[in-house]
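Dear colleague,

Please find below the structure that I am handing over to you. After it, I set out what was found, topic by topic.

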Amino acid sequence: MKRKLLSLAALLSAIFVFTSCLNSDNEVTTYYGDTAITSFSVGTLKYYEHTTSSTGKDSVYQTTLSCSGYKFYIDQAKREIYNPDSLPYGIDGKKVLCAVSSKNSGSIVIKSTNSDSLAYYSSTDSLDFRTPREFRVYNQEGTAYRAYTVHVNIHKEVADSFRWDATSAVNDDIANLSAMKGVALNSQIFLMGNNGGVVKLFTTSQNNVAGWSELTPNVALTTDAYKSLIVKDDYIYTYNNGSVIRSKDGKSWETVSNEPLTRLVGSTSTNLYALSESGIKSSADNGATWTLDRVDDALTLLPTDNVNMFSFASIVNDNTNNLVLVGNRDASYTTDAYAMVWGKVEENAAGSENQPWTNYNITEDNKYPAPRLTNLQTVKYGDAIMAFGGSGLGASTEKAFSKFYMSYDKGITWQKDSLMSVPTGFKCAAASFSLVADNNSCIWVICGGSGQVWKGHINQVAWKEE
């Protein structure tokens with residue numbers, strides 16, 4: 001009986017206390033045990049802008065730039081915060097104002113850059129983000145925290161800028177080449193050319209403009225083999241004495257087929273392409289067998305000299321490439337002022353229709369046609385095609401090496417690039433030089449006559465996406 005009375009008294013006491021709480025003005029506080037950083041952003045930051053006066057004098061002045069539009073990603077699994085699109089070159093990473101939010105009102109602190117000390121985060125205090133910073137967010141109970149590494153990425157180069165680098169000395173072997181063509185394969189540059197009727201083949205690392213070494217192929221190469229030098233997958237290909245041959249290292253060559261062609265012109269992920277007396281041929285089995293492609297225009301409009309083909313993946317359809325063929329007709333076409341450009345849609349999906357090649361006719365409203373230049377050199381550079389060459393041929397009046405042309409619409413229009421110009425001290429034989437785009441998005445100009453090798457890049461094109 002005594003136990004029952006005690007239990008009843010305890011229950012009545014609890015009811016009284018509970019009723020008293022409901023009738024009071026006191027608020028009940030709930031403490032949460034979990035938290036996380038849920039947002040991170042930066043605002044208007046100090047910015048140093050570089051300008052060039054009309055006299056060519058460089059100057060720098062301080063201003064501000066709103067960076068609120070740059071999105072920061074929060075990887076909760078890796079506990080990393082970063083902006084995939086870097087802030088512009090010139091942003092002062094030493095003094096950055098940022099806005100940070102947390103789940104359940106967790107307390108945010110920042111670790112010092114030179115010790116283990118911690119300081120409370122404040123949106124009004126600028127922070128040094130020249131190196132990654134550690135942010136911590138503590139739960140309300142103060143029993144646990146989550147640590148994040150915060151990267152505020154800032155470009156270290158101006159996006160729209162180009163610079164050239166040259167070898168410390170000329171290369172005599174390259175200087176003696178009377179004709180040449182170069183390609184990039186994996187981490188190497190291969191250069192094939194003629195020296196007094198003797199075929200020469202050289203290679204160097206893409207990171208070493210001065211490290212050229214001569215290769216000794218296991219086959220006899222004909223003097224026009226350099227014209228067909230192309231790359232597909234892990235091989236360099238060429239057309240040599242009636243045969244399609246290929247090599248991984250430039251020394252050991254194997255015969256793929258004995259197809260009647262005039263030259264190889266390029267490749268896609270699925271096909272090799274070549275010119276023949278009958279028109280354009282393609283091979284879907286790495287050159288073993290060939291098929292004549294359909295063309296919608298006269299074969300006399302096909303280029304025969306300085307010919308290259310480029311492939312651009314379609315942004316609309318899977319397994320589809322937009323192909324562009326560029327080159328000059330031979331010297332007998334004395335009235336030609338422009339290069340010949342052809343296009344094709346390469347359909348590789350099952351059941352798709354094979355599309356024909358079409359000539360890009362130069363209309364009166366096209367003020368920027370492809371230039372017809374001596375030893376016209378074209379390469380794919382970023383999302384564009386770059387062209388460079390000697391003096392104009394036929395009806396073209398262009399000066400030798402006066403412009404680098406870019407086509408951003410797959411060969412329809414070609415305009416002078418505003419960033420690139422020939423480097424100071426540039427010397428090259430108009431009929432003997434090669435333009436190469438390597439796998440690091442760098443441009444090489446390899447010069448016969450002088451032996452100069454120039455390498456450079458447009459910063460924005462060379463940046464890697466991560």
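A salt bridge is a side-chain nitrogen of Lys or Arg within 4 Å of a carboxyl oxygen of Asp or Glu. In this structure, which is a predicted model, there are ten salt bridges.

**Salt bridges**

Side chains of opposite charge can pair when their charged atoms come close.

Arginine 130 is exposed, at a relative accessible area of 57%, while aspartate 128 is partly exposed, at 22%.

Another is formed by the side chains of arginine 246 and glutamate 254, at 2.7 Å from N to O. Here arginine 246 is buried, with a relative accessible area of 17%, and glutamate 254 is partly exposed, with 35%.

In a further pair, lysine 281 meets glutamate 259, and the closest N and O atoms are 2.9 Å apart. Lysine 281 is buried, with a relative accessible area of 10%. Glutamate 259 is buried as well, with 17%.

**Strand E22 and its partners**

Strand E22 covers residues 279–283, and five of its five residues are buried. Strand E21 (residues 272–276) pairs with E22 in the antiparallel sense, over five bridges. A hairpin of two residues connects E21 to E22, and leucine 275 has isoleucine 280 in E22 as its bridge partner. E22 also pairs with strand E23 (residues 291–292), again antiparallel, over two bridges. In that pairing, serine 282 stands opposite threonine 291.

Strands of a sheet pair through backbone hydrogen bonds, either parallel or antiparallel. Strands E28, E29, E30 and E31 form an open sheet in that order, with antiparallel pairing. Strand E28 (377–381) and E31 are at the edges, and each has a single partner strand, so one side of each lacks a neighbour in the sheet. Between E28 and strand E29 (residues 384–388) there are five bridges, and the two strands run antiparallel. Glutamine 377 is found opposite phenylalanine 388 in E29.

**Aspartate 417, a buried charge**

Which loop holds aspartate 417? It is the loop between strand E31 (415–416) and strand E32 (433–437). Aspartate 417 is buried but has no salt bridge, and the nearest side chain of opposite charge, that of lysine 416, is 9.0 Å away. A polar atom of the aspartate 417 side chain does, however, lie 2.8 Å from the backbone nitrogen of methionine 420. Apart from its neighbours within four places in sequence, aspartate 417 is in contact with Phe404, Met406, Tyr408 and Ile458.

**Nonpolar cores**

The largest nonpolar core has 25 residues, and those that touch the most other members are Phe40, Val42, Cys98, Val100, Phe129, Phe135 and Val152. At least two residues of this core come from each of strand E1 (37–42), strand E2 (44–52), strand E6 (98–102), strand E7 (107–111), strand E9 (133–138) and strand E10 (145–151). E1 gives the largest share, three residues. Leaving out residues up to four places away in sequence, valine 152 touches Phe40, Phe72, Asn83, Leu87 and Phe129.

There is also a second, separate core of 20 residues, with Tyr381, Phe401, Met406 and Leu435 among them. Met406 is also one of the contacts of aspartate 417.

**Two asparagines with positive phi**

Asparagine 104, in the loop between E6 and E7, has a positive phi of about 55° although it is not a glycine. With a relative accessibility of 24%, asparagine 104 counts as partly exposed. Asparagine 241 also has a positive phi, of about 50°, and is likewise not a glycine. Its place is the loop between strand E17 (235–240) and strand E18 (243–247). Is asparagine 241 buried or exposed? Asparagine 241 is exposed, with a relative accessible area of 65%.

With kind regards

Technical notes: Residues numbered from 1 in each chain as written. Predicted model: local features only at pLDDT ≥ 70, side-chain atom pairs only at ≥ 80, totals over all residues. Heavy atoms only, no water. Helix = DSSP H or I, 4+ residues; strand = E, 2+ residues; numbered from the N terminus. Buried < 20%, exposed > 50% of the residue type's maximum accessible area, 1.4 Å probe, protein only. Lys, Arg positive; Asp, Glu negative; His and termini not counted. Polar contact = N/O pair within 3.5 Å; in protein donor to acceptor, adjacent residues only side chain to side chain. Contact = heavy atoms within 4.5 Å. Pairing = 2+ DSSP bridges. Core = buried A, V, L, I, M, F, W, Y, C linked by side-chain atoms within 4.5 Å.
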